[in-house]
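Me: Please take me through the interface in this model. Keep it brisk.

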Amino acid sequence: MRGSEDHVIDVGALLEKVETAAPIDAVEAVAAALGEMVDARAVTLLVAPSSRTCRPSTTEPG
Amino acid sequence: MIVPVTDRGDAIGVIELLLPRFPSDKEVADVRSAAHALAYVVIAARRHTDVFEWGQRSTPFALAAEIQRRLLPASYTCEAGQFTLAGWLEPASSVGGDTFDYTLDRDSLQLSITDAVGHQVPAALLATLLVGSLRNGRRKGLDLAEQARYANDSLAENSAPGQFVTGQLMRVDLHTGIAQIVNAGHVLPLRLRAGRVEEIDLRVEAPFGVLPGKSFDVQPFPLEPGDRIVFLTDGMQERNAVDLDVATALADSADLHPREVVHALGAAVLHETGGDLRDDATMICLDWYGGPPRGRTTEQGADPDLASAPA
């Protein structure tokens with residue numbers, strides 16, 4: 001199980017993924033790596049709304 | 001599993017993972033750390049793309065709202081060792097020109113809340129002029145009185161007669177804990193101390209832009225460790241929100257994080273107006289802990305001692 005290893009997050013590798021990706025894909029790259037840590041079937045980022053009159057929206061990384 | 005994506009108490013979002021099994025404690029801890037890193041990735045990435053702005057909106061912004069949004073600080077919440085603050089702006093359907101702002105340096109916390117006269121693009125442009133002059137003065141190293149005078153004169157010189165902005169500028173010395181304030185025609189702040197809500201009595205001077213060359217009084221602000229201070233604009237208190245009892249709402253939300261307090265007040269004013277705000281409703285909630293400048297306790301981007309219990 002990957003999650004049972006020490007220091008699962010490799011910051012250098014993570015930043016490399018972020019910088020390699022296009023800005024619009026940077027979050028998806030991290031989310032995908034995050035999902036791999038726990039064998040997630042799906043990963044969804046919900047962005048907090050900027051006012052109460054806006055409902056939160058979702059992006060579906062990876 | 002749902003994990004917060006947070007930086008300094010600023011709730012950027014949450015990440016939801018569909019897992020094939022119940023996660024171990026170690027996996028939960030790792031994912032929380034990764035979600036914290038994700039907060040920084042979002043902060044960096046949104047400088048290059050509109051995709052996160054899209055994510056924060058469910059309806060298109062009017063031009064005035066677009067201008068107004070750019071006047072607000074990059075983060076609406078800041079947790080620090082000596083304080084936590086959060087701001088919130090609930091825009092009216094006809095944008096009213098409200099703003100809030102804050103900045104922190106080694107010696108002081110400075111914050112402002114302002115309300116430009118009028119509505120829509122003219123109000124947003126007037127607010128742009130006022131906020132720009134406040135930031136310009138602040139970044140030139142002007143003290144509070146000089147910032148107020150500079151903003152007042154900038155407004156008077158660059159806007160049409162009859163245009164004005166109400167506002168409050170506050171500075172807290174982080175070494176002494178002494179706070180000072182300028183009040184330019186603005187709604188008085190509220191203080192929650194020992195379970196009791198009171199309006200703080202300040203001398204109210206002319207709004208910015210009315211009297212060219214005017215000097216503003218820098219008034220002492222009574223601030224003690226444990227105080228919760230709430231700054232408002234009049235959209236919280238007048239017109240069709242008149243029935244909202246802000247003081248009661250504040251007392252009822254005493255146990256909440258400042259971020260949750262401003263959300264609760266925003267929700268309350270929307271409820272009171274049936275979702276039809278006639279004026280912007282804006283607020284800043286400052287929890288002052290006092291003591292010397294120091295770091296804070298944090299876990300994955302938020303202070304666990306400040307977090308509310310799960311709903």
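Me: How much area is buried between chain A and chain B?
Reply: This is a predicted model: local features need pLDDT of at least 70, side-chain atom pairs need 80 or more, totals for chains, interfaces and linings use all residues, and side-chain values use heavy atoms, without hydrogens and water. Residues count from 1 along each chain as written, with chains lettered from A and ligands numbered from 1 in written order. Buried area is the accessible area (1.4 Å probe) that two parts lose on being put together, summed over both. Carbon and sulfur atoms give 67% of a total of about 3,500 Å².

Me: How many residues of chain A and of chain B are in contact?
Reply: Contact means heavy atoms within 4.5 Å. The counts are 39 residues of chain A and 43 of chain B.

Me: Which side chains meet in a salt bridge?
Reply: The term requires a side-chain nitrogen of Lys or Arg within 4 Å of a carboxyl oxygen of Asp or Glu. The count between chain A and chain B is 1. At 3.3 Å, N to O, the pair is Asp39(A) and Arg21(B).
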